[in-house]
Amino acid sequence: MRPLTEEETRVMFEKIAKYIGENLQLLVDRPDGTYCFRLHNDRVYYVSEKIMKLAANISGDKLVSLGTCFGKFTKTHKFRLHVTALDYLAPYAKYKVWVKPGAEQSFLYGNHVLKSGLGRITENTSQYQGVVVYSMADIPLGFGVAAKSTQDCRKVDPMAIVVFHQADVGEYVRHEETLT
């Protein structure tokens, strides 16, 4: 368990900023205490400093996880967000997409969101912008990348992809043995 290097911090913050923008500051400076990011086995954990100090008594090879896993660094040193970060990204999301009830199941099985399943989309969403996907009942389902801008979504055919799938809460069931 170690602090992130400058390069790792920059890469991770750039990825998170695609989804929550300048609200990134609210993740670190919280009213209920100081939180930080720590790297352990190529995974980045979001943890309070109080718990981190308690975990310092455990040796690194015995420590399985610490706090909430935000994502992991790939072998090419890119950062990949995990679905476990959804609870922290959803309240601060700048761009949101709501899917119709019929398209929820398809998204939760790991498929992209089609125009026919699109309920609503935040105004001024640009192409390739990070979005949080919600059900029509405002329950966060996952996150992805907008394949089309808000303007383009209005005039594409119903079978066109509007959101590329990144992660969803269905992964808890599909990949439960590998999530930490």
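Into which domains is the protein divided? In this predicted model, there is a domain 1 (2-88) and a domain 2 (95-175). The centres of domain 1 and domain 2, taken over C-alpha atoms, are separated by 25 Å. Eight residues of domain 1 and 17 residues of domain 2 take part in the contact. The size of an interface is often given as the accessible area lost when the parts come together. Here, domain 1 and domain 2 bury about 1000 Å² between them. Carbon and sulfur atoms account for 61% of that area. On the domain 1 side, Tyr19, Val83 and Leu86 lose the most area to domain 2. Together these three residues make up 64% of what domain 1 buries. Zero salt bridges are counted between domain 1 and domain 2.

The interior comes next. In soluble globular proteins, nonpolar side chains tend to be buried together. The largest nonpolar core of this model has 29 residues. Met12, Ile16, Val44, Phe70, Phe73 and Leu81 have the most contacts inside it. Helix H1 (residues 6-20) gives the most to this core, contributing five residues. Both domains take part: at least three core residues come from domain 1 (2-88), and at least three from domain 2 (95-175). Another core, of 15 residues, lies apart from the largest one. Val113, Val131, Val133 and Leu141 are among its members.

Strand E5 (residues 68-73) deserves a separate description. Why is E5 described as largely enclosed by the rest of the structure? Five of its six residues are buried, that is, under 20% relative accessible area. E5 runs antiparallel to strand E4 (residues 43-48), and four bridges join the two. Val44 has Gly71 of E5 as its bridge partner. E5 also runs antiparallel to strand E6 (residues 79-81), here with three bridges. Gly71 is paired with Leu81 in E6. E5 and E6 form a hairpin, with five residues between them. In the turn, His77 has a positive phi of about 65°. Phe73 touches residues that include Leu4, Glu8, Val11 and Met12, leaving aside those up to four places away in sequence. Other contacts of Phe73 include Leu39, Asp42, Val44, Lys78 and Phe79.

A further residue of interest is Ser135, in strand E10 (residues 130-135). Is Ser135 buried or exposed? Its relative accessibility is 3%, so Ser135 counts as buried, the cut-off being under 20%. Ser135 touches Trp98, Val99, Glu104 and Leu141, again leaving aside residues up to four places away in sequence. Leu141 is also one of the residues of the 15-residue core.

Terms used. Residues numbered from 1 in each chain as written. Predicted model: local features only at pLDDT ≥ 70, side-chain atom pairs only at ≥ 80, totals over all residues. Heavy atoms only, no water. Core = buried A, V, L, I, M, F, W, Y, C linked by side-chain atoms within 4.5 Å. Buried < 20%, exposed > 50% of the residue type's maximum accessible area, 1.4 Å probe, protein only. Domains from an automatic or database assignment. Contact = heavy atoms within 4.5 Å. Pairing = 2+ DSSP bridges. Buried area = accessible area lost by both parts, 1.4 Å probe. Salt bridge = Lys/Arg side-chain N within 4 Å of Asp/Glu carboxyl O.
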